[in-house]
Amino acid sequence: METTYDVIVVGAGTSGMMAAISAAEQGANVLLIEKNKRAGKKLLMTGGGRCNVTNNRPVDDLIAHIPGNGKFLYSTFAQWNNFDIMNFFESQGVHLKEEDHGRMFPVTNKSKTIIEALLNRLKELGITLLFGTRVEKLIHKEGKIYGVRTEFEEFDASCVVLTTGGRTYPSTGSTGDGYKIVKKVGHTVTPLYATESPLISEEPFIQEKTLQGLSLQDISLSVLNQKGRVLTEHTMDLLFTHFGISGPAALRCSSFINKELKKTEEPVTVSLDCFPAKTKQDLIQELTAKSKMSKKTLANAWHGFLPERLLLFFLERLDIEKQTGQQTTDRQVQDFVQLCKAFTMTISKTFPIEKSFVTGGGVSLKEVNPKTLESKLVEGLFFAGELLDVNGYTGGFNITAAFATGHVAGMNAGQRS
Ligand SMILES: Cc1cc2nc3c(=O)[nH]c(=O)nc-3n(C[C@H](O)[C@H](O)[C@H](O)COP(=O)(O)OP(=O)(O)OC[C@H]3O[C@@H](n4cnc5c(N)ncnc54)[C@H](O)[C@@H]3O)c2cc1C
């Protein structure tokens with residue numbers, strides 16, 4: 001096997017495959033090294049196995065959905081963005097469709113379609129693929145890259161694109177090797193933390209599994225700081241589980257919770273609004289109309305207002321589950337509405353990083369040129385994907401960041417080599 005290339009890409013995941021393709025499109029002779037026996041293991045798992053390939057939102061919206069240093073990507077997205085990702089796959093014969101919240105999927109509903117399209121393009125461009133081989137270190141001298149050393153042998157190249165991913169779901173190959181590799185060449189790695197992670201709570205109703213399995217649609221979940229100020233708020237779906245809460249709204253709050261937990265070392269309060277589109281006054285009027293003259297118990301009079309288990313749970317909290325509508329005071333209706341609009345619970349921690357969807361933290365962006373994604377410390381070394389200190393919400397935002405940074409890093413590496 002040849003041992004000298006123009007560009008070496010380390011890691012055949014989301015960003016690595018795209019980086020290899022764009023480097024080769026510049027005419028570079030490219031080697032793509034992957035420690036697994038196949039490419040794109042994590043990408044295969046996304047979107048519930050259907051591959052949430054990107055998101056159909058304007059670029060400013062993409063940035064807003066990448067709370068971990070999204071602004072760093074302005075320059076990347078100005079060169080290649082979600083619309084280019086869609087065009088890329090359409091040009092490979094993969095038709096995409098849009099679902100809720102702008103999420104894009106292949107019409108086949110199979111991640112395999114996306115991986116196959118990437119592999120076909122890698123083959124078309126004559127890229128050398130080396131599977132089952134772990135890269136152990138970068139070969140560099142006097143601030144310049146010369147190649148990589150794998151567990152078996154050395155390969156030479158004047159440009160290396162590192163796309164080894166984060167530290168979540170290590171069974172996919174993302175075991176955090178890249179962080180160790182970059183530290184050895186002088187790069188800083190900002191502290192890693194779990195993001196897009198389910199939330200764990202020690203609240204008695206969670207421990208007693210009172211609401212386990214209950215899912216709520218289009219609720220709003222906010223994270224509060226110790227002064228009660230809202231740090232972030234998300235209107236999406238939520239699921240009560242045996243350990244706490246999960247579902248998109250909970251996942252989106254997780255990075256903010258982890259940052260707050262680190263700051264205060266105290267459980268963090270989240271506030272649930274079951275009716276974000278309605279005011280307290282609307283709800284008071286609605287409930288009063290249902291119960292004012294009613295001889296039925298509140299559980300019956302207010303039936304259908306909330307999912308049955310949540311309705312009973314709130315009524316029991318206020319100790320009014322047995323009283324009739326007629327017996328209910330205005331104050332009690334207001335207290336009930338207060339629970340519906342701002343039910344608070346504490347979160348003690350999130351899942352560990354390995355069981356979360358996305359890694360927060362990574363290669364310090366201060367040391368990376370935002371236009372080219374080249375290292376400011378080592379000439380010829382480029383970065384892309386989750387390895388960088390960038391993290392977004394699930395819904396295609398991380399995948400968009402990975403494909404786009406992969407494309408831009410690969411293109412610049414290809415041009416430079
Ligand atoms: C279950 C799940 C669902 C997700 N759903 C979504 C979603 O819906 N939307 C969204 O935007 N994001 C989602 N994500 C996150 C998204 O998949 C990742 O952010 C993205 O794939 C990261 O791409 P990457 O190229 O940086 O890393 P990866 O795709 O993880 O690729 C890294 C590759 O590098 C290889 N590698 C590592 N070390 C070495 C080494 N030393 N030598 C050689 N190869 C190495 C690994 O084996 C791996 O193949 C999800 C993640 C998970 C786990």
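Mentor: Begin with a single residue and list its partners. Leaving aside neighbours within four places in sequence, Thr172 is in contact with Asn36, Lys41, Lys42 and Met45. Keep in mind that this is a predicted model.

Trainee: In which loop is Thr172 placed?

Mentor: Thr172 lies in the loop between β10 (159-162) and α7 (177-184).

Trainee: Is Thr172 buried or exposed?

Mentor: Compare the relative accessible area with the cut-off: a residue is buried under 20%. Thr172 has a relative accessible area of 8%, so the residue counts as buried.

Trainee: What does the chain look like as a whole?

Mentor: The chain has 14 helices and 20 strands, and its C-alpha trace spans about 85 × 45 × 35 Å along the principal axes. Of its 417 residues, 56% count as buried. The accessible surface comes to about 17,800 Å², with 49% of that belonging to carbon and sulfur atoms.

Trainee: How many of the contacts with a separation of 6 or more join residues 24 or more positions apart?

Mentor: Such residues account for 72% of those contacts in the chain.

Trainee: Now a helix. Which residues of α12 are buried?

Mentor: For a helix, list the buried residues and then look for what covers them. In α12 (residues 308-317) the buried residues are Leu310, Leu311, Phe313, Phe314 and Leu315. Their cover includes the helices α8 (204-207), α11 (298-301) and α13 (330-341), together with the strands β13 (215-224) and β17 (343-347).

Trainee: Which residues make the contact?

Mentor: From α10, the contact is made by Lys280, Leu283, Ile284, Leu287 and Thr288. α13 contributes Val333, Gln334, Phe336, Val337, Gln338 and Lys341.

Trainee: How do the residues of this contact divide by type?

Mentor: Sort each residue by its side chain and count the classes. The contact of α10 with α13 holds 6 nonpolar, 3 polar and 2 charged residues.

Definitions and conventions
Residues are numbered from 1 along each chain as its sequence is written. This is a predicted model: local features need pLDDT of at least 70, side-chain atom pairs count only at pLDDT 80 or more; totals for chains, interfaces and linings use all residues. Side-chain values use heavy atoms; hydrogens and water are left out. Buried means under 20% relative accessible area, exposed over 50%, partly exposed in between (1.4 Å probe, protein chains only). Helices (H or I, at least four residues) and strands (E, at least two) are DSSP runs, numbered from the N terminus. Contact means heavy atoms within 4.5 Å. Ala, Val, Leu, Ile, Met, Phe, Trp, Tyr, Cys and Pro count as nonpolar, Asp, Glu, Lys and Arg as charged, and the others, Gly among them, as polar. Accessible areas come from the Shrake-Rupley method with a 1.4 Å probe; for residues, only the protein chains shown count as cover.
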